[in-house]
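Here is a short report on one protein chain. Keep the sequence and the 3D view open as you read.

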Amino acid sequence: LLFYQYIPLICSGYPSHFGLHMRSYLLYFLLFLVVLLVVFYIWGSSNRMSNEKLHTLLSYDNPSKVAADTFSIMTYNLGYLSGMTNNLPVKPPESLFQDNLLKTQQLLNARQMDIVGFQEIDYGASRSYKVDQLQALSGGYTQAVASINWDKNYVPFPYWPPQAHFGSMHSGQAVLTKFPVKDSRRIVLVKPEAAPFYYNAFYLDRLIQVVELQVGSRELVVLNVHLEAFDQETREAQAEVLVQWVDSFASEKPLIVMGDFNARPPFASEQLFDEKSMKLFYEHPLLKPAISQQNYQKSESSYFTFDTAQPYEKLDYIFYNHRFIKAISAHVVTEAADISDHLPVYLNFTFVD
């Protein structure tokens with residue numbers, strides 16, 4: 001509209017009939033740009049998949065070994081294998097993703113975890129060169145639950161330069177397991193209410209993956225989560241919903257809650273915000289953290305999970321209900337290095353008799 005107001009000034013040096021034609025052409029051009037923008041918005045923000053394909057159970061024909069009495073689990077925000085380039089306005093080379101995929105495969109083979117929960121794992125997205133990362137990491141596991149939380153025809157982020165855009169997006173969360181999956185659900189959490197409509201139209205869904213496993217004669221419930229990163233009020237609302245799901249299982253079944261909570265512990269030496277997100281879990285009567293407050297405060301930097309270039313805060317957690325589960329050991333998996341901008345958290349545990 002501002003541009004249109006200046007059209008008479010642009011055309012003032014020309015004959016009147018020429019100026020009228022020029023104003024009409026410019027008006028049509030502006031109208032064309034608006035229509036083009038609307039068409040892109042509708043197309044780019046549309047989903048590529050039907051709703052029933054956003055949550056699937058996958059089975060693999062892989063031999064697997066599971067210990068009889070002690071078990072291991074790891075949570076890992078994989079950062080779609082982009083290392084410290086995650087969310088930066090650059091287009092990383094394909095070789096970076098190939099190298100990080102190989103490093104992740106080697107990490108899983110060395111660790112031999114029974115269960116792995118991923119956040120930010122790509123299922124054939126343009127930004128990671130169309131590789132199905134879950135399929136590529138499934139060796140040694142018998143089943144996986146894949147939940148899509150970002151399914152768009154085109155994501156124009158980072159905004160500039162255009163060649164760094166994520167493009168077609170197909171990403172989400174996953175639980176890899178050596179145990180049979182009895183049931184699973186995909187819970188979509190609220191989006192930031194204060195964000196403009198066009199932001200939320202292209203923005204990912206934050207999820208809780210509810211995965212029920214048969215571990216020998218026991219049932220184990222795993223909640224794999226990825227909470228809001230940029231809006232505190234939204235993150236607190238999502239944490240409250242997660243607590244409701246914790247309460248629905250914690251008194252009856254072995255339960256593990258893990259993922260990227262995008263908030264520091266309430267007792268961290270440096271707090272960015274006064275928020276209640278993590279207090280809900282640390283103060284929950286049925287939950288214990290894999291890494292206790294006492295151990296954390298003894299050596300805070302040893303438990304930082306973000307970022308991997310120079311770790312300075314803990315954002316990734318594992319909690320368990322102590323009535324049914326006993327922790328044997330837990331630590332941050334520092335050997336993952338810069339595969340992602342996050343470090344994984346590991347827990348070795350057993351069931352309480």
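Leu81 sits in the loop between strand 2 (70–77) and helix 4 (94–111). This is a predicted model. Leu81 is not a glycine, yet its phi is positive, at about 65 degrees. Is Leu81 buried or exposed? Leu81 counts as buried because its relative accessibility is 2%, and the cut-off for buried is under 20%.

Ala337 belongs to the loop between strand 12 and strand 13. Its relative accessible area is 37%, so Ala337 is partly exposed.

## The chain as a whole

The chain holds nine helices and 13 strands. Its C-alpha trace spans about 95 × 45 × 35 Å along the principal axes. Of the 353 residues, 50% are buried. The accessible surface is about 16,800 Å². Carbon and sulfur atoms supply 57% of that surface.

Take the contacts in the chain with a separation of 6 or more: 74% of them link residues 24 or more positions apart. Charged side chains number 27 positive and 35 negative. The centres of these two sets lie 3 Å apart.

## The nonpolar core

How many residues does the largest nonpolar core have? The count is 91. Phe118, Leu223, Ile256 and Phe261 have the most contacts inside this core.

His342 lies in the loop between strand 12 (325–332) and strand 13 (345–351). That is also the loop of Ala337. With a relative accessible area of 4%, His342 is buried. Which side chain makes a polar contact with the side chain of His342? The partner is Asp316, at 2.9 Å.

Other residues touch His342 too. Setting aside neighbours within four places in sequence, its contacts include Tyr76, Asn77 and Asp260. Thr305, Phe306, Thr308 and Leu315 are also among them.

## Asn321 and Ala250

Asn321 is part of strand 11 (residues 316–321). Its relative accessibility is 0%, so Asn321 counts as buried. A polar atom of the Asn321 side chain lies 2.9 Å from the backbone oxygen of Ala250. Leaving out neighbours within four places in sequence, Asn321 also contacts Lys253, Pro254, Leu255, Leu286 and Leu287.

Ala250 occupies the loop between helix 7 (232–249) and strand 9 (255–260). Ala250 is buried as well, at 1% relative accessibility. Not counting residues up to four places away in sequence, Ala250 touches Leu255, Leu286, Asn321 and Phe324. Ala250 and Arg323 are 73 residues apart in sequence. In space, their C-alpha atoms are 8.4 Å apart.

## Two cis peptide bonds

Phe157 and Pro158 are joined by a cis peptide bond, with omega about -10 degrees. Pro158 lies in the loop between strand 4 (143–155) and strand 5 (167–177).

Where is Pro161 found? Pro161 also lies in the loop between strand 4 and strand 5. A cis peptide bond joins Trp160 to Pro161, and its omega is about 5 degrees.

Technical notes
Residues are numbered from 1 along each chain as its sequence is written. This is a predicted model: local features need pLDDT of at least 70, side-chain atom pairs count only at pLDDT 80 or more; totals for chains, interfaces and linings use all residues. Side-chain values use heavy atoms; hydrogens and water are left out. Helices (H or I, at least four residues) and strands (E, at least two) are DSSP runs, numbered from the N terminus. Buried means under 20% relative accessible area, exposed over 50%, partly exposed in between (1.4 Å probe, protein chains only). Contact means heavy atoms within 4.5 Å. Accessible areas come from the Shrake-Rupley method with a 1.4 Å probe; for residues, only the protein chains shown count as cover. Lys and Arg count as positive and Asp and Glu as negative; His and the chain ends are not counted. The place of a charge is taken as NZ of Lys, CZ of Arg, CG of Asp or CD of Glu. A nonpolar core is a set of buried Ala, Val, Leu, Ile, Met, Phe, Trp, Tyr and Cys residues joined through side-chain atoms within 4.5 Å. A polar contact is a pair of N or O atoms within 3.5 Å; within protein, one must be able to donate a hydrogen and the other to accept it, and residues adjacent in sequence count only if both atoms are side-chain atoms.
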